[in-house]
Amino acid sequence: MSQTVFKSGIDLSPESKAIWKAAQAAVWLVGAVILACLLFFPPVGLILFWNILIPVAPALFVLAVGVWRNVCPLATTNLLPRHFGFSQKKKLSVTQLGKLNLIGVVALFALVPLRHAIFNNNGPATGLLIITMSMIGVAMGFVYEWKSAWCSGLCPIHPVEKLYGGNVLGSIPNAHCVECQNCVVPCPDSTPNIHPISSKKTFYHQIAGLMVVGGLPGFIWGWFHVPDETTVASLSNYFSVYELPLIGFVVSSIIYIISSMMVPQKYEQKLVSIFAASGVSCYYWYRLPSLIGYGKFADDGLLYNLSAVVPAWVIPIMNVATTAFFFYFLVIRKSNNKSWVVRPPFAVKAA
Ligand code: SF4
């Protein structure tokens with residue numbers, strides 16, 4: 001007969017637990033309101049989701065991705081079966097985890113260009129995408145242990161968290177896992193300075209890591225050179241939104257592969273951080289100006305037009321400042337040996 005005993009570890013105090021539960025509930029409600037707006041008041045929902053929530057996310061991943069991991073409404077929903085004791089708590093094999101990671105990366109690169117063709121201008125379609133992802137995540141939560149299947153497996157946002165969250169400000173408490181069941185090894189939440197190629201256990205892990213580290217910066221560059229399609233007339237319109245992101249993906253992947261062959265193994269993490277900084281800097285280089293009316297394509301991605309108030313010369317200064325910040329934060333700043341969240345106490349099966 002076996003019983004669960006607890007090793008020493010960092011547990012949440014009742015106060016901390018209450019605060020994080022309240023934060024999860026509040027952010028879940030905000031997410032529900034945004035989802036309702038996407039479905040029933042699309043003009044409002046599209047602004048809230050694509051022009052406020054999503055532009056904040058990359059910077060949050062860089063600074064403190066653990067905060068997002070603790071309060072992400074999709075994670076809160078997907079982990080309900082586990083919190084309420086309805087999960088079968090199965091463990092995924094290393095190969096299964098590698099396959100899920102790879103599918104998540106492919107889903108990221110397949111879905112993001114469709115923003116131009118569908119999602120950026122279609123609230124109900126964006127809402128249905130969120131509902132579909134949530135249903136898949138909940139279904140997985142009924143079967144698999146804690147965050148293994150969705151949050152650290154199939155979620156298409158997870159590869160981006162792993163790329164940008166390589167040197168966070170500090171570790172915060174883990175507000176989901178009550179005790180650590182070692183459901184993911186290495187656990188992205190609990191491993192200091194994790195990055196997408198920290199684990200090369202299987203071919204699937206290696207390809208997933210290579211695609212996101214090498215491909216994402218060029219993919220982002222290409223994505224920002226494609227306008228939103230307001231009327232998708234033919235199938236070729238759908239394919240056209242993939243062309244430039246794909247070209248960017250291939251070019252930056254080749255640069256990464258050549259660089260990684262030339263750079264000694266001990267500098268691998270530094271190389272990853274350079275590509276991470278390039279990706280997030282490229283994102284804000286284009287995204288911040290478009291939010292305030294200085295976008296490449298008229299009103300694409302516009303939050304509020306400030307072009308009559310903010311002079312044009314401010315834009316290059318802003319771009320250089322954000323790029324300098326991300327290169328300092330991710331590349332120049334010393335690795336601080338911090339994980340996204342503090343691992344909770346281990347639960348181990350004892351005979
Ligand atoms: S902290 Fe432990 S239980 Fe939670 S996701 Fe990581 S490995 Fe799984």
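The radius of gyration used here is taken over C-alpha atoms, and the globule rule is 2.2 Å times the number of residues to the power 0.38. Please keep in mind that this is a predicted model.

**Overall build**

With 351 residues, a compact globule would have a radius of gyration near 20 Å, and the chain agrees with that because its own value is 20 Å. Along its principal axes, the C-alpha trace spans about 70 × 55 × 40 Å. The chain contains 13 helices and four strands.

Two packed helices are described by the angle between their axes and the distance between the axes.

| Helix pair | Angle between axes | Distance between axes |
|---|---|---|
| H1 (residues 14–40) and H2 (residues 42–71) | roughly 155° | within 9 Å |
| H5 (residues 94–111) and H10 | roughly 20° | within 8 Å |
| H10 (residues 203–223) and H12 (residues 268–291) | about 20° | 9 Å |

Let us begin with H1 and H2. Angles over 145 degrees count as roughly antiparallel, and H1 and H2 are therefore roughly antiparallel to each other. H1 passes H2 in a left-handed crossing. On the H1 side, the contact is made by Trp 20, Ala 23, Gln 24, Val 27, Ile 34, Cys 37 and Leu 38. Their partners in H2 include Pro 42, Val 44, Leu 48, Phe 49 and Val 71. By class, the residues of this contact of H1 with H2 divide into 13 nonpolar, three polar and no charged.

Next comes H5 with H10. The axes of H5 and H10 cross at roughly 20°, which makes H5 roughly parallel to H10. H5 passes H10 in a left-handed crossing. Thr 95, Gly 98, Lys 99, Asn 101, Leu 102, Val 105 and Phe 109 in H5 meet a set of H10 residues, among them Tyr 204, His 205, Met 211 and Phe 219. This contact of H5 with H10 has nine nonpolar, four polar and one charged residues.

H10 also packs with H12, at an angle of about 20°, so H10 and H12 are roughly parallel to each other. The crossing of H10 and H12 is left-handed. From H10, the contact draws on Val 213, Gly 214, Leu 216, Pro 217, Ile 220 and Trp 221. From H12, Val 272, Phe 275, Ser 278, Gly 279, Cys 282 and Tyr 283 take part. The contact of H10 with H12 comprises nine nonpolar, three polar and no charged residues.

**Around the ligand**

Which residues come nearest to the ligand? Of the 14 residues around the ligand, these are Lys 147, Cys 177, Cys 180, Cys 183 and Cys 187. The shell as a whole has six nonpolar, five polar and three charged residues.

**Two backbone details**

The loop between strand S2 (172–173) and H10 holds Pro 186. The peptide bond from Val 185 to Pro 186 is cis, with omega near 0°. Asn 182 is also found in the loop between S2 and H10. Although Asn 182 is not a glycine, its phi is positive, at about 55°.

Conventions: Residues are numbered from 1 along each chain as its sequence is written. This is a predicted model: local features need pLDDT of at least 70, side-chain atom pairs count only at pLDDT 80 or more; totals for chains, interfaces and linings use all residues. A residue is near a molecule or strand if its C-beta atom, placed from the backbone, lies within 6 Å of it. Ala, Val, Leu, Ile, Met, Phe, Trp, Tyr, Cys and Pro count as nonpolar, Asp, Glu, Lys and Arg as charged, and the others, Gly among them, as polar. Axes are lines fitted to C-alpha atoms, for helices over the stretch in contact, and angles run from 0 to 180 degrees between N-to-C directions. Angles under 35 degrees count as roughly parallel, over 145 as roughly antiparallel, 65 to 115 as roughly perpendicular and the rest as oblique. A crossing is left-handed if the near helix is turned anticlockwise from the far one by less than a right angle, and right-handed if clockwise. Two residues are in contact if their C-beta atoms, placed from the backbone, lie within 7 Å.
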